[in-house]
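Take a look at the model before reading on.

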Amino acid sequence: MMQRLLTVGCVGVALVGLCAGMSMTGAGPSVEVEASSVMQDPTTNDGVFTSAQARRGRRVYNRDCASCHGGELRGGEMAPGIAGSDFIVFWVDLSVGALFERIKVSMPEDGPGRLSDEEYTDVVAYMLDQNEFPSGEAELPADKAELDKIMIVAAE
Ligand code: HEC
C-alpha cells in the first residue's frame, strides 16, 4: 500500500520534472508530503456507493424523477438529461455534496425537499451508477458534510 502510494506520488512529481532527482536522493521527507497529498479526498471513481444503494435509488428515481427526466435519465421535453455528457459537463469538479444539495432544494420540481435525506442520497447513488461510476463496499452517507468531501470527476 505505502509502496504504491509512494510510486503514485513520484509519478505526480515526475509531472513537474523532479522525480529523477528525488529517486537519486532517496525517499526523503518531501516524498512523504507527496504521498499524503494523493491520499486526499475520495472521488466518484473510488467506489463511494454500493450497488444495493443504487437499486434503492432507482426505485426513488422511478417514483419521483422519471416522469420528467425520463427512464434513462436522458431528459425529455420536461427536463434536462442527468446522465452522460449532460451530467458530466455540468458536474465534473463539483462535489457529491453540491449535487445532493442541488437536488434536495430544487427536486422533484413539483415538490422540492419532499424526500428524506436517505432517499436523496440513494437517488444520487443511482445517478452515479447510471453515469458509469463503480460501486464499492460502503454506502454514500446521508450527510451533506461527508458528501462535500467526495469530488465528481470524469468516469475512468
Ligand atoms: C416535474 C418535473 C421534474 C421532476 C419530477 C424532477 N425534475 Fe429535476 N429538473 C426538472 C427541470 C425542469 C430541471 C431544469 C430546471 C432546473 O435546473 O431547475 C431539472 C433539473 C435537475 C437537475 C440539474 C440538471 C443539471 O445537471 O444541471 C438535477 C440534478 C435534477 N433535476 C435531478 C432530479 C432528481 C434526482 C429528481 C427526483 C428526485 C428530479 N430531478 C425530479 C424537472 C423535474
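Predicted model: local features only at pLDDT ≥ 70, side-chain atom pairs only at ≥ 80, totals over all residues.

Residues are numbered from 1 along each chain as its sequence is written.

**The fold**

The protein chain holds nine helices and zero strands. Helices are DSSP runs of H or I with at least four residues, strands are runs of E with at least two, and both are numbered from the N terminus. Of the 156 residues in the protein chain, 26% are buried. Buried means that 20 or more other C-beta atoms lie within 10 Å of the residue's own; exposed means 12 or fewer, and partly exposed lies in between, with C-beta atoms placed from the backbone. Take the contacts between residues at least 6 apart in sequence: 70% join residues at least 24 apart. A contact needs two C-beta atoms, placed from the backbone, within 7 Å.

**Helix H8**

H8 covers residues 117-130. Its 14 residues should span 20 Å at 1.5 Å a residue, and its end C-alpha atoms are 20 Å apart, which agrees. The expected span is 1.5 Å times one less than the number of residues. H8 is mostly covered, with 10 of its 14 residues buried. Among them are Tyr120, Asp122 and Leu128. The buried residues of H8 pack against H4 and H7. Just after H8, glutamate 132 has a positive phi of about 70°.

Nonpolar side chains tend to be buried together in soluble globular proteins. Here the largest nonpolar core has 30 residues. H4, H6, H7 and H8 each supply at least two residues of this core. H8 gives the largest share, seven residues. Such a core is a set of buried Ala, Val, Leu, Ile, Met, Phe, Trp, Tyr and Cys residues joined through C-beta atoms within 7 Å. Val96 is one of the residues with the most contacts inside the core. Not counting residues up to four places away in sequence, valine 96 touches Thr44, Val124, Leu140, Leu147, Ile150 and Ile152.

**The ligand shell**

The ligand is surrounded by 19 residues, and the closest include Cys65 and Met107. Near means a C-beta atom, placed from the backbone, within 6 Å of the molecule.

By class, the shell has 12 nonpolar, three polar and four charged residues. Ala, Val, Leu, Ile, Met, Phe, Trp, Tyr, Cys and Pro count as nonpolar; Asp, Glu, Lys and Arg count as charged; the others, Gly among them, count as polar.
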